[in-house]
2 protein chains.
Amino acid sequence: MKNIYAIGVGLIGGSLAIDIKKHNPDVIIHGISRKDATLNTALELGLIDKKATLDDIKNADLVIVSIPVDATVKLLPTILDKISDSGLVVDAGSTKEDICKVVENHPKRRNFLAMHPIAGTEHSGPTAAIEGLFVGKTNIVCEVEKTTFKLQEKALKLFTEIGMRIRYMNPIEHDRHIAYVSHLSHISSFMLGKTVIEKEKNERDIFDMAGSGFASTVRLAKSSPEMWTPIFKQNKTNVIETLEEYINNLTHFKDLMKKDDFDAIFNEMESTNHIKDILNGIS
Amino acid sequence: MKNIYAIGVGLIGGSLAIDIKKHNPDVIIHGISRKDATLNTALELGLIDKKATLDDIKNADLVIVSIPVDATVKLLPTILDKISDSGLVVDAGSTKEDICKVVENHPKRRNFLAMHPIAGTEHSGPTAAIEGLFVGKTNIVCEVEKTTFKLQEKALKLFTEIGMRIRYMNPIEHDRHIAYVSHLSHISSFMLGKTVIEKEKNERDIFDMAGSGFASTVRLAKSSPEMWTPIFKQNKTNVIETLEEYINNLTHFKDLMKKDDFDAIFNEMESTNHIKDILNGIS
C-alpha cells in the first residue's frame, strides 16, 4: 500500500493519518478537503504529505472518508466511481445504515468497507488530530461480506496495526446501539449545557461554582454541530427513541422527588452504580 | 492550631486531612466515624493520626464535618454543644440552607462556619481521599458574618493555604446555584446510565461500543447514593426546578427532530458550544 487519500483531515481523518503513517512510514498521505485552508493547516501539522483533489483518487490504494455523514452519503458513489479495481474505500461515519444503502447496488460495492472507529474527543478540525487516538478502541465494521476478501484483509491488518479491536455488526444494529452509547450522550450533554447557560444569563456567579463533575458531564457540548447535525438526522428514529426513554427516566426521577419517595431515589442511584463494572476498560 | 477532629473521613474529609496535615505538620488529626472499620482504613492510609469519639471534641481547635448532609443537620447542634469557646466547627456539605437553619439560634453559632468546598470525584470512602484535591477549587462560605472574626480568619488562612479561592454567598443563593452546576449534572448522568443499562439488559453488545464520550457523561453515575439522596432531599425545590428546565430542553430538542427542523438542531448545538469559553479554568 503506497498512496492513501484522506478525504477529510480533521479529528478522525487527521488522527488516522498520523497512526497509519507511523506504522507504514513509506505511504504517502494525500489530503482532500472542501477548504484549502484546512489542507494547508494539515500540511503544516504534518498530517498529510500532499494536497490532492477527488480526480486523483484513481491512483489510490486506500481512500479514507472522514467527513460529516451527509457529505459521505452524497460523495461516496462518486468516490467509488473513481476508485481503481484494486483500491479500497473506507468511511469512518457515526451512522452506517444510510451510508451502506447509498452504495448497495454500486458496481464497485466490493471496493468499499463501512466502518465506525469509535474514538474521538470533543474537539474538531486538523488541530484536534492526535497520535494514538485509536489504541484499544473498537472499530465496528459493517457488511464485511460485501467487500472483496483481499480488501477486507488489507483493512483488518491496517486497523488492528494501529491498535483497534474489530467488531462485525450489521448497519441497522449499529445505528440502534450507537444511538444509546454515543448519540444520546451528546444530546444530554448539549442540553445540560443549554440549561445552565440559560440560567447563567442572569446569574453571572453560577460558573464560579461549577466543578469537575459539571465539566465532565458537559464536555461533549463542545462538539461540532457540523458533524453532529447530520448524524442526528440520519439516525433520527433511533435517537428519538433513546431521547424518549431518557426523558421518561428523568421525569420518573422528578416525580419520585415530588412524592418525597427518597428511598426510591436511593434505589435509582444504587442500581445504576454498577455502571462502574460495565465501564471497566473504557477510559 | 493543634487538634483537628475530622467527623467523616471519606473522599472530602480524608482529602482535607491530607492537605491540612501537609501544610501544618504539627497538627494531630483525630478521626470520628459511625463505622470503626472506616476509621481503621483511614488510620492505615495515614489520613488520620488517632481514632476519637464525639465526646473528645471538647478538646478540638477545629472540627471538620464531612458526612451526608442529613447526618450533618442531625449532628451539628450536638457538635456545637460540645465545642470549646475557642473551637471552630466547619462543615463541607453540598447544601447550605438546612444546615445553617438548624443552628441559627444555637448559643455557639459564632463557633460555626458553613462551607462548601466544591471539589470531588465520583469515588467515595477513605480510599478515595487524594492529595491536592482542593488546589484551585472554589470554597463557598455562607453567613460568614455570623462567625467570630477570629475564627473566620483561622478558616480563611487554613483553606487558602491548601489552594482554595474563597467566595462568600448566602445559603439560599448557594443552594439555588449549585442545583444547576452540580446536582443536575449528577441526575442527568445517573439517568443516562439507567437508560443505557435498561437497554443493555437484552443487548449484551452495547457496551463494547461505548467510547470515552459516554464514559465521561456517565462518570457521575458512580457517585454514592448515601451522599446524594439527602442532598436531593434538602435541595428538593431547586433540583426539581432544574430538572423541569432540563426535561423541557430535551423535549424541545426531540420535537425539533420530529419536525425535521435540523437547522434549529444545528443552532441549539452551536449556541451551546460557547460553554467552551465558560468552562475555561475548570478541569
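Guide: A salt bridge here is a side-chain nitrogen of Lys or Arg within 4 Å of a carboxyl oxygen of Asp or Glu. With that rule, a search of this whole predicted model finds 34 salt bridges over all chains.

Visitor: Thanks, that helps! What makes Arg219(A) and Glu122(A) a salt bridge?

Guide: Their side chains come to 2.6 Å, N to O, and the rule asks for a nitrogen of Lys or Arg within 4 Å of a carboxyl oxygen of Asp or Glu. The pair of Arg219(A) and Glu122(A) therefore meets the definition. Arg219(A) sits in the loop between α7 and α8 of chain A, and Glu122(A) in the loop between β6 (112–118) and β7 of chain A, so the pair ties together parts that are 97 residues apart in sequence.

Visitor: Which side chains meet in a salt bridge with one partner in chain A and the other in chain B?

Guide: Lys258(B) and Glu244(A) do, at 3.0 Å from N to O. That value is again within 4 Å, so the name applies. Across the interface of chain A and chain B, the rule finds 10 salt bridges. As background, side chains of opposite charge can pair when their charged atoms come close.

Visitor: How many residue pairs are in polar contact between chain A and chain B?

Guide: The count is 28 residue pairs, with both residues at pLDDT 80 or more. As for the elements on the side of chain A that touches chain B, those giving two or more residues include β7 (138–142), β8 (165–169), α7 (212–217) and α9 (236–258) of chain A. The largest share, 22 residues, comes from α6(A). By class, that side has 41 nonpolar, 25 polar and 24 charged residues.

Visitor: How do you know that the copies meet through the same surface?

Guide: Of the interface residues of chain A, 100% are also interface residues in chain B, so the surface is the same on both copies. The contact takes 90 residues from chain A and 91 residues from chain B.

Visitor: What is the area buried between chain A and chain B, and which atoms give 70% of it?

Guide: About 8,700 Å² is buried, and carbon and sulfur atoms give that 70%. On the chain A side, Val181(A), Met209(A) and Met269(A) lose the most area to chain B, together 9% of what that side buries.

Visitor: Why is the relation of the chains called a two-fold axis?

Guide: Chain A can be laid on chain B by a turn of 180° with a shift of 0.0 Å along the axis, and the RMSD is 0.0 Å. That is the relation of a two-fold axis. In chain A, the C-alpha nearest this axis belongs to Thr217(A), 2.1 Å from it.

Visitor: What makes β3 (50–51) and β8 (165–169) of chain B edge strands?

Guide: In chain B, 8 strands form an open sheet in the order β3-β2-β1-β4-β5-β6-β7-β8, with mixed pairing. β3 and β8 of chain B each have a single partner strand, so one side of each is left without a neighbour in the sheet. For chain A, the order of the 8 strands is β3-β2-β1-β4-β5-β6-β7-β8, and the edge strands are β3 (50–51) and β8 of chain A.

Visitor: How do you know that β4 and β5 of chain A pair?

Guide: The definition asks for at least two bridges, and β4 (residues 62–65) and β5 (residues 88–91) of chain A have 4, in the parallel sense. The two strands therefore count as paired. Ile64(A) stands opposite Val90(A) in β5(A).

Methods
Residues are numbered from 1 along each chain as its sequence is written. Chains are lettered from A and ligands numbered from 1 in the order in which they are written. Side-chain values use heavy atoms; hydrogens and water are left out. Copies are superposed by least squares on the C-alpha atoms of residues with pLDDT of at least 70 in both. Contact means heavy atoms within 4.5 Å. Buried area is the accessible area (1.4 Å probe) that two parts lose on being put together, summed over both. A polar contact is a pair of N or O atoms within 3.5 Å; within protein, one must be able to donate a hydrogen and the other to accept it, and residues adjacent in sequence count only if both atoms are side-chain atoms. Ala, Val, Leu, Ile, Met, Phe, Trp, Tyr, Cys and Pro count as nonpolar, Asp, Glu, Lys and Arg as charged, and the others, Gly among them, as polar.
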